[in-house]
Amino acid sequence: MTPLPNILMLNGPNLNMLGQREEAHYGADTLQAIQDELVAAFPQLRLEMHQSNHEGDLIDQLHNWAYYSAIVINAGAYSHYSYAIQDALRLVRVPVVEVHLSNIYARETFRHTSVISPVVRGVISGFGKDSYRLALYWLSSQLSQQPAAQRGKETEGA
Ligand code: DQA
């Protein structure tokens, strides 16, 4: 049987506090509740969840990119200034989708720039927890068009 494509769902600082953060921006659900919904909604994918408040942990996870068919990353505030995460993403050779729950362009000026956007395949921002769902929807359709042997070998736009 062909193994399910496995996707690293990487969440950065303060996202473990969803449910207690500004509801107008981030909704009322906890990260666990969001992840449970995603697992139920995408039985065709194997989702590996990882959250860390530490930049180096997130970088270590990205260095393991070869174990995954794709990566979804919400780097939280690191998105706006972490060149170390940007450099780690430059190594990744599977598709990466950057997500944000809130619309970062409709908020404070410092959030308008994401230093990781130039090195990912695409960005989804502003759809609350559905941002993750939209990312997985796209990845799911991409990965189902690709034979298992090809996954992880993509070199462009990853
Ligand atoms: C966020 C937006 C960031 O500006 C913020 O620092 C976060 C969450 C989002 O999902 O909307 O922690 O990435």
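Modeller: What follows is a walk through the sheet, then the loops and the ligand shell.

First, the ground rules. This is a predicted model, in which local features need pLDDT of at least 70, side-chain atom pairs count only at pLDDT 80 or more, and totals for chains, interfaces and linings use all residues. Residues are numbered from 1 along each chain as its sequence is written.

Now the sheet. Five strands form an open sheet in the order β2-β1-β3-β4-β5, with parallel pairing. At the edges stand β2 (46-51) and β5; each has a single partner strand, so one side of each is left without a neighbour in the sheet. On average, neighbouring strands of this sheet are turned by 20° against each other, direction ignored. Helices (H or I, at least four residues) and strands (E, at least two) are DSSP runs, numbered from the N terminus. Two strands pair if DSSP finds at least two bridges between them. Axes are lines fitted to C-alpha atoms, for helices over the stretch in contact, and angles run from 0 to 180 degrees between N-to-C directions.

Take β1 (6-11). Six bridges join β1 to β2, and the two run parallel. Asn11 stands opposite Gln51 in β2. On the other strand, Asn11 stands opposite Asn74 in β3. β1 and β3 also pair in the parallel sense, over five bridges. Within that pairing, Ile7 stands opposite Ala70. Five of the six residues of β1 are buried. A residue is buried if 20 or more other C-beta atoms lie within 10 Å of its own, exposed if 12 or fewer, and partly exposed in between, with C-beta atoms placed from the backbone.

Next comes β3 (residues 70-74). Five of its five residues are buried. In a regular strand the side chains alternate between the two faces of the sheet. In β3, Ala70, Val72 and Asn74 are on one side and Ile71 and Ile73 on the other, and both faces are covered. Three bridges join β3 to β4 (residues 96-100), again parallel. Ile71 stands opposite Val96, and the bridge partner of Val72 is Val97. Together, β3, helix α4 (residues 83-91) and β4 make a right-handed β-α-β unit. Right-handed means that, with the strands pointing away from the viewer, the path from the first strand over the helix to the second runs clockwise.

β4 is mostly covered too: five of its five residues are buried. Val96, Glu98 and His100 are on one side, with Val97 and Val99 on the other. β4 and β5 pair in the parallel sense over four bridges. The bridge partner of Glu98 in β5 is Val123. Helix α5 lies across β1, β3, β4 and β5, running at about 165° to β4. Contact means C-beta atoms, placed from the backbone, within 7 Å.

Now the loops. Phe127 is found between β5 (122-125) and α5 (130-144). Phe127 counts as partly exposed because it has 16 C-beta neighbours inside 10 Å. Phe127 and Ser102 are 25 residues apart in sequence and 6.6 Å apart in space, C-alpha to C-alpha. Asn14 lies in the loop between β1 and α1 (23-26). With 14 other C-beta atoms within 10 Å, Asn14 is partly exposed. Phi of Asn14 is near 75°, a positive value in a residue other than glycine. Most residues other than glycine have a negative phi.

Last, the ligand. Among the residues around the ligand are Asn14, Asn74, His100 and Ser102. The shell has three nonpolar, six polar and one charged residues. A residue is near a molecule if its C-beta atom, placed from the backbone, lies within 6 Å of it. Ala, Val, Leu, Ile, Met, Phe, Trp, Tyr, Cys and Pro count as nonpolar, Asp, Glu, Lys and Arg as charged, and the others, Gly among them, as polar.

Methods. Two residues are in contact if their C-beta atoms, placed from the backbone, lie within 7 Å.
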